[in-house]
Amino acid sequence: MSPRWNPNPDVRTGRHVVHTLHAHLVFVTKYRRGAFTDEMLIRCEEVMREVCADFEVEQREFNGEHDHVHLLIHYPPKVALSKLVNSLKGVSARMLRKEYSAHVRKHLWGGHFWFGSYFAGSVGGAPLTVLTAPRWARKTLGTLMNGAT
């Protein structure tokens, strides 16, 4: 490597590839029922971080509310997002149902935890605060981040 430049830590290298792939994932609970407590969100983040590690994916950020969660991930090209999402939703649903069964049963039924669909958006590494901000706020944040006044 040339000493004249500092490498970008977000750029990863493989044997035949140089990449920086980020995705914003959103999972919604079945029926948008408010099933999450603060404690459950913390445990959900831990479980999803473990699943990401198994896929060699870096979970950059995690955020959630009572009926959905957001993840910002940095992943290699060999990872199929659909398989990662399937594992994230499956493992987290099993663990949360097992550990918080009484609470989950009050809000969700029929063996379902997550809604069948999900959102996956390609992002350039922007933080979740920018991605989840209202449209008018994104415009203002973008202006501030680009140095314009």
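Which strands does α2 lie across, and at what angle to β3 does α2 run? α2 lies across β3 and β5, at about 40° to β3. Axes here are lines fitted to C-alpha atoms, for helices over the stretch in contact, and angles run from 0 to 180 degrees between N-to-C directions. Helices (H or I, at least four residues) and strands (E, at least two) are DSSP runs, numbered from the N terminus.

This is a predicted model, where local features need pLDDT of at least 70, side-chain atom pairs count only at pLDDT 80 or more, and totals for chains, interfaces and linings use all residues. Residues are numbered from 1 along each chain as its sequence is written, and side-chain values use heavy atoms, with hydrogens and water left out.

**The sheet**

Four strands form an open sheet in the order β4-β5-β3-β6, with antiparallel pairing. Two strands pair if DSSP finds at least two bridges between them. β4 (58-64) and β6 (119-123) stand at the edges with a single partner strand each, so one side of each has no neighbour in the sheet. Direction ignored, neighbouring strands are turned by 20° against each other on average.

| Pair | Bridges | Sense |
|---|---|---|
| β3 and β5 | eight bridges | antiparallel |
| β3 and β6 | five bridges | antiparallel |

Valine 26 has histidine 70 of β5 as its bridge partner. Alanine 23 is bridged to serine 122 of β6. β3 is mostly covered: seven of its eight residues are buried. Buried means under 20% relative accessible area, exposed over 50%, and partly exposed in between (1.4 Å probe, protein chains only).

**The helices**

α1 lies across β3, β4 and β5, and runs at about 160° to β4.

α2 (residues 81-99) has 19 residues. From first C-alpha to last, α2 reaches 27 Å, close to the 27 Å expected at 1.5 Å a residue. That expected span is 1.5 Å times one less than the number of residues.

The buried residues of α2 are Leu84, Val85, Leu88, Lys89, Ser92, Ala93 and Leu96. They lie on the same side of α2 because they cover an arc of only 150° around the axis. The arc is that of the directions from the helix axis to the C-beta atoms. These buried residues pack against β3 (21-28), α1 (38-54), β5 (68-75) and α3 (101-107); contact means heavy atoms within 4.5 Å. The face turned away from the buried side carries the exposed residues Lys83, Asn86, Arg94 and Lys98.
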